[in-house]
Amino acid sequence: MREFIRGLSRRTVVTFFGVGYGIALLLALFPPFYLGASGIATPILGVPFSIAYWLIDGLLLGFGLWGLYIVEDIRGELDESLVPAAPIAGE
Amino acid sequence: MLVMLGMLAVFYGIVIFILYRTQQRTTPSFNEYSVGGRSYGPWYVAMCYVNSWWPGATFIAFFGLAAGSGVFGFYGLAYSILGVAMMYFMATRAWRWGARYNLRSQPDLLGLRFDSRPVKVVASVIGIVSLFPWVVLGMQAFGEIFQYASGGSWSVTACLVIGLAVIVIRQYWTVRMGMRGLIMTDAFQGIVAYVFSAVLCVFLLSGLGGGPISFATLAELPREILQVPGDGGQYGPLYLFSLIFTGVVGSLCWPTSFQRIYTASGVRTVKAATVRTVLISGVFYTLLMLLGIAATSMPEVAAQPQAGWFTIMETYGGTWLLGLGLTIVFAASMGHIDGSVQVCGLQIANDLVDSEKRKLSDAQLTSIAKSSMIVFMALAGVVAYLTFNLDRLQLLAQISYQGIVQLAVPLFLGVFWRGGNRHGALAGMLSGFGVAMVLTIIYPDDIAVLGSITGGIIGLAVNLVVFLVVSAATGTSAEEKARVDAMFEVARNPVRVSDPAPTFVPQPADG
């Protein structure tokens, strides 16, 4: 899996996670979507759909960003620092 | 009363103790003073970001929105985490430029990108002016906290004066220590404000302690609580879009937010801190909103939603729980004011006073930043006192949000696109800010005939059109194009990959 992720082009990674971010943006910003989810009491794991809609949007974004961080970490795209690789405050 | 005041005093004492123990004995450089020497790790940067993002008003205004209007309160979750995520996408480029060109503030970046001091000055002034009402409101929140803590037995004036004194004394350390003074306490303040409150929300929603609100309450909500603005009611379909869009693009326009990139030790730190910020904000705010929505079933909360947080604490836990609720709001307000005062002082010194013609030394810059913080804070304190019971100040804070987003056009286009020039950036910001101000004064909330869009969005559209048209009309010289190309080339390459840690070679013991 790690080799597969390392073998992907940067464009593929950006497109994949960009689509996820785009969907999260659309759910929050496109009136037909958020108005369509308004006022619906049907429960999703005990929470009305109208509330679950916003939670799903948050989870999609949160896990998407976390996933992107893990992928960039595997690809070695994060190791850039002004200070030597010594322990850093807060890590 | 003594219990609640005692809890506030213990919290305050711990903050001062942390500051006292972590203060530097040597004189810091201006880089150390302004961006903490770009040396902080992801948890510190995340806590600093969370503190500067969520003011004490979250527990009053946003909680009141959920407790009064229901699911509408969740718009704050959407714009906050979508906006914070933008920091992730900007991180590499903005951090590399910051490290390579020694940038300390967001206007620094704009000034560099468009090679223009006026662009830098205008961006800085918009940031400082927009933050000012929020600092005033934060100081007034301290007065309200002491009104609750004194059980209403102290006069309004006494509460405000004590609240101001408490925050002003705290700022002595912000002025003295700069960014370091924030970062060392933000972790503690953040744990109290956001972690404690999240745990408290879970406890209350679990139904333990015999409270009538719980997760089960959420399954029995009336339809009107589940409706967002635009789905019936007075607002049009674009109202929610306007609020969320303004929040998303505005998230990186606030000077406090962007500066977090420059306090980080590296690209990994910025990105890891962003993921942590989304995690902390998402969990904390979701639980707070669920509690607020569940509390719509409490008649005393429905009667006064803005005081809902305090009502719930007092009703179900008495003095001790109300004391904890007050301490949480106290911590959140303090973290927000600290960050705002620090970054405004930094921007006045770094962006407005310092210039190529009048280059200041590190000592002079630090000294001006300190004096600016004192003046900024004193001014905010006076205004807070004079306007304590004025609703118009809240309006000023709303206007400031519509104004601050006008930085988004030159900022986002400047960072991701090589086109545009200084004339476009300057004309765009000024026209967008002007249009947003005028429209928001005429239509403080929404523009009904345009589907409830807000003045800030119109301003942003004007800003974008003016930026593109003026840039195209004035053109870009070959020299300017080469300069921008060189900047983007810098952003493509790592500034400096970290050196391997020095290898420890055991030495034979003497003798």
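How many residue pairs are in polar contact between chain A and chain B (both at pLDDT 80 or more)? The count is 13, a polar contact being a pair of N or O atoms within 3.5 Å; within protein, one must be able to donate a hydrogen and the other to accept it, and residues adjacent in sequence count only if both atoms are side-chain atoms.

This is a predicted model, where local features need pLDDT of at least 70, side-chain atom pairs count only at pLDDT 80 or more, and totals for chains, interfaces and linings use all residues. Residues are numbered from 1 along each chain as its sequence is written, chains are lettered from A in the order in which they are written, and side-chain values use heavy atoms, leaving out hydrogens and water.

**View 1. Chain A meets chain B.** Here 40 residues of chain A are in contact (heavy atoms within 4.5 Å) with 57 residues of chain B. On the chain A side that touches chain B, you'll find 26 nonpolar, eight polar and six charged residues. In these classes, Ala, Val, Leu, Ile, Met, Phe, Trp, Tyr, Cys and Pro are nonpolar, Asp, Glu, Lys and Arg are charged, and the others, Gly among them, are polar.

**View 2. A salt bridge up close.** E72(A) pairs up with K271(B) in a salt bridge, with the closest N and O atoms 2.9 Å apart. The rule (a side-chain nitrogen of Lys or Arg within 4 Å of a carboxyl oxygen of Asp or Glu) finds two salt bridges across this interface of chain A and chain B.

**View 3. Chain A by itself.** Follow the sequence of chain A and you get α-α-α-β-β-α: four helices and two strands. Both are DSSP runs numbered from the N terminus, helices being H or I with at least four residues and strands E with at least two.
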